[in-house]
Amino acid sequence: MGEDQDLIDVRRVLAGDLGGFEGIVRRWQAPLINLAYRFVRDRGRAEEMAQEAFLHVFKQLPRFRAEAAFSSWLFSVSLNVYRSALRRHALPTVPLDVIARAVSRERPAQLVLEDSEREELVRRAVISLPPKYRDALTVFYFKEMDLTETARILEVPEGTAKAWLHRGRKLLRRKLGSLAADSPAALEALA
Amino acid sequence: MIPDDLDRILASEEPLLPSSGFAAAVMEEVQNAVSAPPSLPFPWKRFLLGLAAISVLAASGGWGIASLSVAERLSTAFGPAFTVLQAPHVSLALGESAASILGAFLLVRLALSFTGARP
């Protein structure tokens with residue numbers, strides 16, 4: 001139903017009816033904002049990026065070929081917009097070892113990080129990875145671990161996506177491992 | 001951290017709901033994009049003509065001054081200070097500088113005529 005409605009709306013837009021695009025925006029606003037949020041961890045900025053993505057999608061709509069799923073194409077275009085936005089305004093990421101030292105100074109060793117803090121730390125670790133691993137991991141988990149869809153959105157063969165995921169996870173574990181070694185509190189958190 | 005734990009953390013995230021005015025803001029931007037005049041195409045024809053003209057000027061200017069006859073006349077007329085012009089590389093550099101200045105002037109005129117502005 002969703003995909004059919006998307007195609008109907010795309011045809012409406014291409015025929016000059018802007019109302020069709022409003023349907024697309026309403027259906028896809030939450031996914032696009034949520035994907036952007038995973039890259040920036042900031043709601044306001046995520047909405048700005050999603051808005052930019054929609055505008056770009058609108059301009060690129062004549063290039064959409066119906067043989068691909070609209071949702072894959074939409075996420076792929078949006079991902080490119082997010083990448084450009086991240087290149088233009090790099091996130092003020094704090095290296096994990098700095099976070100680790102701060103954690104170990106501010107908290108007694110026996111105190112365990114709250115689950116939510118620990119999870120946030122892990123998610124922030126993903127966005128500090130090199131871009132291709134960051135993108136692969138972010139899209140993979142956003143798309144509920146669907147490798148085929150992840151590869152489509154990243155516009156790479158499945159084998160490449162799989163290799164990036166493997167390497168990304170390895171790097172992530174190494175980063176989180178060094179965090180644990182530097183911080184007793186984090187050590188408990190990551191146990 | 002076990003792999004399953006990593007998967008669980010990264011796969012599960014509390015979904016955000018869009019702000020109430022988000023869709024309207026996007027549609028406003030789209031409307032603005034539609035009503036904005038189409039961007040002007042780059043004037044490749046004029047650019048290439050200008051580029052060709054500059055190349056011809058640079059070549060002829062460089063060749064003219066490097067031919068030394070001008071430099072010889074200048075040094076005869078104005079004295080030994082101009083003998084330096086007899087060195088081919090100096091003549092060539094001066095010729096190219098003159099051609100570049102002229103070329104830049106023409107490009108500015110071209111750009112101004114393209115944008116409709118007056119110098």
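Modeller: This is a predicted model. In the contact, 30 residues come from chain A and 21 residues from chain B.

Biologist: Which helices of chain A supply at least two residues each to the side that touches chain B?
Modeller: They are H2, helix H3 (43-60), helix H6 (115-127), helix H7 (131-142) and helix H9 (158-182) of chain A.

Biologist: And where does the largest share come from?
Modeller: From H2(A), with 10 residues of the side of chain A that touches chain B.

Biologist: How many nonpolar, polar and charged residues are on that side?
Modeller: The side of chain A that touches chain B has 16 nonpolar, three polar and 11 charged residues.

Biologist: OK, zooming out. How many helices and strands are there in chain A?
Modeller: Chain A has 10 helices and zero strands. Its pattern along the sequence reads α-α-α-α-α-α-α-α-α-α.

Biologist: What percentage of chain A counts as buried?
Modeller: 38% of its 191 residues. As for contacts within chain A between residues at least 6 apart in sequence, 63% join residues at least 24 apart.

Biologist: Back to H2(A). How does H2(A) pass H4(A)?
Modeller: In a right-handed crossing. The axes of helix H2 (residues 19-40) and helix H4 (residues 70-88) of chain A come within 11 Å, crossing at roughly 35°.

Biologist: Which residues meet there, in H2(A) and in H4(A)?
Modeller: On H2(A), you've got Trp28(A), Leu32(A), Leu35(A), Ala36(A) and Phe39(A). They meet Leu74(A), Phe75(A), Ser78(A), Tyr82(A) and Leu86(A) of H4(A). By class, that contact has nine nonpolar residues, one polar and no charged ones.

Biologist: Which residues in H4(A) are buried?
Modeller: Among them are Leu74(A), Phe75(A), Ser78(A) and Tyr82(A). Phe70(A), Trp73(A), Val77(A), Leu79(A) and Val81(A) are buried too.

Biologist: What span should H4(A) have, and what does the model give?
Modeller: H4(A) has 19 residues, so at 1.5 Å a residue it should span 27 Å. Its end C-alpha atoms are 27 Å apart, which agrees.

Biologist: Last topic, confidence. What's the mean pLDDT of chain A?
Modeller: The mean is 85, with 80% of the residues of chain A at 70 or more.

Biologist: Where does pLDDT stay under 50?
Modeller: Over residues 183-191 of chain A. The model has 25 contacts beyond four places in sequence for that stretch.

How values were computed:
Residues numbered from 1 in each chain as written. Chains lettered and ligands numbered in written order. Predicted model: local features only at pLDDT ≥ 70, side-chain atom pairs only at ≥ 80, totals over all residues. Axes fitted to C-alpha atoms, helices over the stretch in contact; angles between N-to-C directions. Helix = DSSP H or I, 4+ residues; strand = E, 2+ residues; numbered from the N terminus. Left-handed = near helix turned anticlockwise from the far one by under 90°. Contact = placed C-beta atoms within 7 Å. Nonpolar A, V, L, I, M, F, W, Y, C, P; charged D, E, K, R; others polar. pLDDT = per-residue confidence, 0-100. Buried ≥ 20, exposed ≤ 12 C-beta atoms within 10 Å, placed from the backbone. Expected span 1.5 Å × (residues − 1).
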